[in-house]
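Dear colleague,

Please find below the structure for your review. A summary of the findings follows it.

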Amino acid sequence: MNWTIPPKPAEITEERIIDAILEGHFPVSSRLPAERELAIQLGITRPTLREALQRLACDGWIEIRHGRPTRVRDYWHEGSLGVLSAIARRTQHIPENFIPNLLQVRILLAPEYARLAVERDAEQVIIITAASALLEDSAEVYAGFDWRLHHGLTVASGNPVFTLILNGFRELYLPMASIYFQTREARLTSLAFYHGLEQAAYQKDPGNAEEITRDVMLKSFRMWKLMERDSIRKQVEETGTMR
């Protein structure tokens with residue numbers, strides 16, 4: 001039985017307007033067409049458009065001004081986590097520094113939720129990390145396990161905000177992790193981290209869990225930057241241009 005619920009017209013409209021904003025059809029600080037005109041352009045009813053606009057306003061994409069045209073906000077400075085999640089789902093619109101910026105945030109967050117997880121529920125951390133002993137040596141397998149591990153750590157931390165933040169990037173996390181784990185060095189580095197975290201949980205040592213998590217986050221950041229640099233260098237050598 002298929003329990004998949006099709007998206008509502010307002011949800012589809014919301015996604016279409018986000019695409020238009022990110023593609024530059026509605027630049028930051030520009031005004032959206034009048035409600036009647038925009039509804040006609042999109043081929044929808046005005047109530048559907050109003051619902052979509054309210055959703056966009058809640059996330060910080062637009063500012064609805066009664067009696068005045070709706071304005072596109074500077075969503076990088078005025079948007080919410082919903083903006084980040086929407087951009088993460090659209091790899092073709094991801095700015096150049098988006099991934100490194102996300103990794104820098106992870107350097108700050110991951111050590112804390114790892115520490116809390118070991119402090120609050122060391123047994124669950126042992127269960128999560130023990131599965132690393134059976135990992136197949138492939139990028140996709142490591143990417144999936146890494147996601148499950150970090151998601152499990154956020155849940156075990158007892159702070160649901162960590163989980164909500166991580167969930168916002170799931171659709172970006174898996175493909176980016178699959179690229180990252182293509183190198184054997186990345187897989188071995190993370191495998192050592194999984195084993196170290198398991199030992200910290202056995203010893204019920206949240207401080208050590210925090211330390212080794214911060215260390216691997218910093219290593220991951222440096223390796224990703226090197227991978228980006230190598231990718232750009234390869235592109236220059238092959239085409240003579242930079243992206």
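The buried residues of helix 5 pack against helix 1 (9-22), helix 3 (46-59), helix 4 (75-78), helix 6 and helix 9. Those buried residues are Val83, Ser85, Ala86, Ile87 and Ala88, where buried means under 20% relative accessible area, exposed over 50% and partly exposed in between (1.4 Å probe, protein chains only). Helices (H or I, at least four residues) are DSSP runs numbered from the N terminus.

This is a predicted model, in which local features need pLDDT of at least 70, side-chain atom pairs count only at pLDDT 80 or more, and totals for chains, interfaces and linings use all residues. Residues are numbered from 1 along each chain as its sequence is written, and side-chain values use heavy atoms, with hydrogens and water left out.

Helix 6 (residues 98-130) packs with helix 9 (residues 170-180) at an angle of about 100°, their axes being 13 Å apart. Axes are lines fitted to C-alpha atoms, for helices over the stretch in contact, and angles run from 0 to 180 degrees between N-to-C directions. Helix 6 and helix 9 are therefore roughly perpendicular (65 to 115 degrees). On the helix 6 side, Phe98, Ile99, Leu102 and Arg106 meet Leu172, Tyr173 and Met176 of helix 9, contact meaning heavy atoms within 4.5 Å. The residues of this contact comprise six nonpolar, no polar and one charged; Ala, Val, Leu, Ile, Met, Phe, Trp, Tyr, Cys and Pro count as nonpolar, Asp, Glu, Lys and Arg as charged, and the others, Gly among them, as polar.

The axes of helix 6 and helix 7 come within 7 Å and cross at roughly 85°, which makes these two helices roughly perpendicular as well. Their contact includes Arg106 of helix 6 and Phe145 of helix 7, and its residues divide into eleven nonpolar, six polar and four charged.

The largest pocket holds about 610 Å³ of space. A pocket is an open set of points on a 1 Å grid over the protein atoms alone, where a 1.4 Å probe fits, with protein on both sides within 12 Å along at least five of seven lines; lining residues have an atom within 4 Å of a point. The volume is the space filled by probe spheres set on the points, which are joined across faces, edges and corners. Of the 33 lining residues, Ile99, Leu102, Leu103, Arg106 and Tyr173 are the closest to the pocket centre. Helix 6 gives the most to this lining, with nine residues. By class, the lining has 26 nonpolar, five polar and two charged residues.

Yours sincerely

How values were computed
Parallel < 35°, antiparallel > 145°, perpendicular 65-115°, else oblique.
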